[in-house]
Amino acid sequence: MRLQDDSDLRLSATDLAHHLACHHLTRLEVLHAHGELEPDTWSSPVVEAIAERGDEHERRYLEHLREDGVRILDLAGAGDHARRAEATKLAMEIGTEAIVQAVLTDGKWLGIADVLRRVERPSYLGGWSYEVHDTKLARETAGGTILQLCLYSELVEEIQGKRPEWMHVVPPGRRSGREFEPVSYRLADYFAYYRHVKERLLDFVGGGAPEETPTTYPEPVPHCQICRWWKRCDRQWRQDDHLSLVAGISKLQIEELRERDVERLEQLAKVELPLSWKPGRGSAETYERVREQARLQVETREHQELVYELLPLDPTAEEDGGEEEDEAAPRPEPRGLARLPEPSPLDVFFDIEGDHFAAEGGREYLFGWAYRDADGEVAYDRLWALESADGGSDGGSAEREMFERFIGEMMRRREEDPSFHIYHFAPYEPAALKRLMGRYATCAEELDELLRAERFVDLYSVVRQAIVAGVESYSIKHLEPLYGFQREENLLRVTENLVRVERALEMGHVEDLPPGVLEIVERYNRDDCVSTLRLRDWLEARRSELVEDGESIPRPEPKDGEGPEELTERQAEIRRLRDELLAEVPVASSEWTEEHESWREEEKATWRLAHMLEFHQRENKASWWEYYRLA
C-alpha cells in the first residue's frame with residue numbers, strides 16, 4: 001500500500017491477502033501510508049529465513065527453466081515500477097517466452113508476478129497470451145495466494161485483452177531430481193470470490209484517507225505470528241487486559257463472554273461459580289475451566305511467581321460403596337496424574353528437531369533423549385541426520401539410519417525392562433516416528449509393539465488434565481518455573497542457529513555451517529529432553545503427596561504389546577522372504593549398480609518387490625493407529 005501523488009492509495013496483491021487475514025492490519029497500513037504510524041523495528045529470524053527460502057526456491061525454478069531451454073527476460077533491478085511495467089508490456093507484445101519479476105499495474109493496483117509464461121492461446125497480442133506462475137514454499141496453496149494470482153491475472157488481461165484461462169503455483173522441486181511441477185487453478189473457478197474480496201477492500205479504504213477507514217481493534221488471528229505490526233498489537237492487548245491472554249481460550253468463548261459484558265481477563269477471573277447463565281455455545285464446564293485459568297493468571301501477576309492448582313482427581317478412580325463393577329464394561333481411560341506409569345530406571349525423555357521445508361515431506365535431523373545412568377545421574381544421548389537432503393526417501397539415508405538406531409535402542413531397553421516408557425511433550429514425536437516408518441518401510445513391527453504396549457507417554461496431556469497454572473501458554477518453556485528448570489542456552493540465540501541448520505540442510509551445505517552452530521542446537525535439544533525429565537519428576541512428586549494424604553491414584557494397566565499370534569507368524573514369514581529378496585540388493589538406491597543398466601533395473605525391481613510384500617499392511621497402520629488413539 002502506497003500513497004500516490006494525487007493522494008490516492010495504490011493497492012497491491014499483498015494488501016488483498018492482508019485484508020483477508022486481518023482488517024486491523026489494513027487500517028494500520030493506511031495510517032502508515034499517510035505517515036501517521038511506523039511499525040516497530042524488529043525482525044523475526046523465522047520470517048527472514050522463510051523469505052530467504054522463497055528467494056532460493058524462485059532462483060532454482062529459474063535455473064530449471066533455463067535448463068529446459070526456456071528463454072527468460074529477468075526484470076528484477078530494471079528500474080522503478082513504472083519502467084518495469086513498461087518493459088513487461090513490451091516483452092509481452094513481442095512474445096517473450098518467460099518474463100521474470102513482471103510488474104503489472106492499472107494505476108490503482110500493482111502486482112509483481114514471479115513469472116509470466118507464454119502459452120499458445122490467441123489474444124490481442126497475437127497468436128499467444130500469458131499466464132501467471134508464482135513460486136510458493138507451501139505444499140498446500142493458501143487462500144491469499146489464490147487472491148494474488150487472480151489479481152495478477154486480471155492485470156495481465158488489461159494488457160493482452162483476454163483473461164488467462166489458468167493460473168499456476170510452483171511448489172518446491174523434489175530433491176530426487178524431478179521437475180518443478182506447477183499446480184494449476186482454473187481462473188473462472190475463483191474469480192467471483194476474488195471480486196468479492198477486492199470490493200470489500202475497496203469499500204474499507206474508501207477514498208484512502210485515514211478518517212474514511214473504519215475504526216478497528218486488533219483481534220488475534222493466525223497472521224499475527226508473522227505480522228510486522230505484532231508488537232504494537234501485543235502492547236494493546238496487554239494494556240486492555242484482553243481475553244485472548246487467557247491460556248486455551250477460544251474465539252467462540254471470547255465472543256460469548258463479551259455478550260455477557262466480560263471484556264477483560266481480570267473480569268473473567270471474578271466471574272462467580274457456578275455460572276449463573278447457560279452458555280449459548282459450548283458447555284458450562286469449559287467456561288468454568290477458562291475462568292479458573294484466568295484466576296490463576298491474575299494470582300500469578302499479584303504474587304509475581306507462578307501459581308498452580310491441582311485439578312480434581314481422576315474420575316475413573318475406584319469409589320467405596322458403589323455398585324458392583326461390571327467386568328465386561330469398558331473402563332474409561334485414565335486422566336491426569338492417573339496417566340503416569342510406574343517409573344523405571346530405563347525410562348527415556350525424548351525430543352526431535354525437524355525441518356518441514358527440507359526435502360520432500362520434511363526431514364527430522366536430530367533425535368535426543370535424556371535418561372538416568374547407573375549412578376542415577378542425568379545423561380543425554382543424541383543421533384544426527386545431517387546427510388544432504390537430496391538423498392531422496394528410498395532408503396539408505398542418514399535419517400533412516402537415525403530412525404532405525406533409535407528404535408533399536410528403545411527395543412533393547414524394552415527387552416531389559418518391559419515396564420520402561422518413552423516420555424515426550426506434545427504429540428509430535430510419535431507422529432514423526434510413524435511418518436518415518438511409512439517413508440522408509442522399516443521398523444514397522446517394533447514401532448507397532450511400542451504403540452500397542454502404550455510405551456509413549458505425552459506429558460502435555462497429563463499436565464492439561466492434572467493442573468491449572470497461571471501461564472499464558474502451556475508450552476514446556478512456560479511451565480519450567482514450576483519445577484525450577486534453568487536452560488543452558490538463550491532461546492533467541494537458539495532460534496537463529498536452528499534457522500542456520502535448517503537452511504544448510506535445505507541447500508545441502510551442512511559442512512559450511514559456522515563453528516559452534518550444531519553444538520548450540522544440540523544443547524537446546526538436551527535442554528528440552530532434561531526439562532521433560534524434570535517435569536515428569538515434578539508430576540510424580542505431586543502424585544506422591546496426594547497418595548501420602550490418603551488419595552487413591554491408580555497407575556495405568558500395563559500392556560504387553562504383543563499382536564495376534566496368526567499375524568505374528570505371518571509377519572515372520574514375510575520378513576524371512578523380504579530378507580531373502582534383499583540379500584543381494586544394496587539398501588540405498590545410490591549404491592545400485594551403474595556399470596550395467598539392465599542389472600540396475602533388476603536390482604530396483606527386486607527392491608520394490610521386497611517392500612511390496614508389506615505394502616498394504618503398512619499403509620493401513622496409519623488409519624488403525626489413529627483409530628486406537630481416538631478410541
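Two strands pair if DSSP finds at least two bridges between them, and helices (H or I, at least four residues) and strands (E, at least two) are DSSP runs, numbered from the N terminus. In this sense Arg372 stands opposite Val378 in strand 12. The structure is a predicted model, in which local features need pLDDT of at least 70 and side-chain atom pairs count only at pLDDT 80 or more, while totals for chains, interfaces and linings use all residues. Residues are numbered from 1 along each chain as its sequence is written, and side-chain values use heavy atoms, with hydrogens and water left out.

**The protein as a whole**

- The secondary structure of the protein comes to 20 helices and 15 strands.
- Of the 631 residues in the protein, 46% are buried, where buried means under 20% relative accessible area, exposed means over 50%, and partly exposed lies in between (1.4 Å probe, protein chains only).
- The protein exposes about 33000 Å², of which carbon and sulfur atoms supply 48%; such accessible areas come from the Shrake-Rupley method with a 1.4 Å probe, and for residues only the protein chains shown count as cover.
- Contact means heavy atoms within 4.5 Å, and among contacts in the protein between residues at least 6 apart in sequence, 66% join residues at least 24 apart.

- An open sheet of 5 strands has the order 12-11-10-13-14, and its pairing is mixed.
- Strand 12 (378–384) and strand 14 (456–458) stand at the edges with a single partner strand each, so one side of each is left without a neighbour in the sheet.
- Neighbouring strands of this sheet are turned by 30° against each other on average, direction ignored; axes are lines fitted to C-alpha atoms, for helices over the stretch in contact, and angles run from 0 to 180 degrees between N-to-C directions.
- Strand 10 (residues 348–355) and strand 13 (residues 422–424) run parallel and are joined by 2 bridges, with Val348 standing opposite Ile422 in strand 13.
- Strand 10 also pairs with strand 11 in the antiparallel sense, over 7 bridges, and here Phe350 stands opposite Trp369 in strand 11.
- Strand 11 is mostly covered, as 9 of its 10 residues are buried, and 7 bridges join strand 11 to strand 12 in an antiparallel run.
- The hairpin of strand 11 and strand 12 has 5 residues between the strands, and in this hairpin Gly376 takes a positive phi near 85°.
- Helix 14 (residues 459–466) lies across strand 13 and strand 14, and runs at about 40° to strand 14.
- His356 is found in the loop between strand 10 and strand 11 (363–372), and His356 counts as exposed because its relative accessibility is 61%.
- His356 and Glu506 are 150 residues apart in sequence, and their C-alpha atoms are 9.9 Å apart in space.

**Arg487 and its surroundings**

- Arg487 has its place in the loop between helix 15 (476–479) and helix 16 (491–507), and Arg487 counts as buried because its relative accessible area is 18%.
- Leaving aside neighbours within four places in sequence, Arg487 is in contact with Ile476, Lys477, Glu480, Tyr524, Asp527, Asp528 and Ser531.
- The side chain of Arg487 makes a polar contact of 2.9 Å with the side chain of Glu480; a polar contact is a pair of N or O atoms within 3.5 Å, where within protein one must be able to donate a hydrogen and the other to accept it, and residues adjacent in sequence count only if both atoms are side-chain atoms.
- The side chains of Arg487 and Asp528 meet in a salt bridge (2.5 Å, N to O), a salt bridge being a side-chain nitrogen of Lys or Arg within 4 Å of a carboxyl oxygen of Asp or Glu.
- Because Arg487 lies in the loop between helix 15 and helix 16 and Asp528 in helix 17 (residues 517–548), the pair ties together parts that are 41 residues apart in sequence.
- Asp528 is buried, with a relative accessible area of 7%.

**Other salt bridges**

- Salt bridges that share partners join Glu255, Glu256, Glu259, Arg260 and Arg281 into one network, and a search of the whole structure finds 52 salt bridges.
- Arg238 forms a salt bridge with Asp234, with the closest N and O atoms 3.2 Å apart; both residues lie in helix 7 (residues 230–240), 4 residues apart, about one turn of the helix.
- Arg238 counts as partly exposed at 41% relative accessibility, whereas Asp234 counts as buried at 16%.
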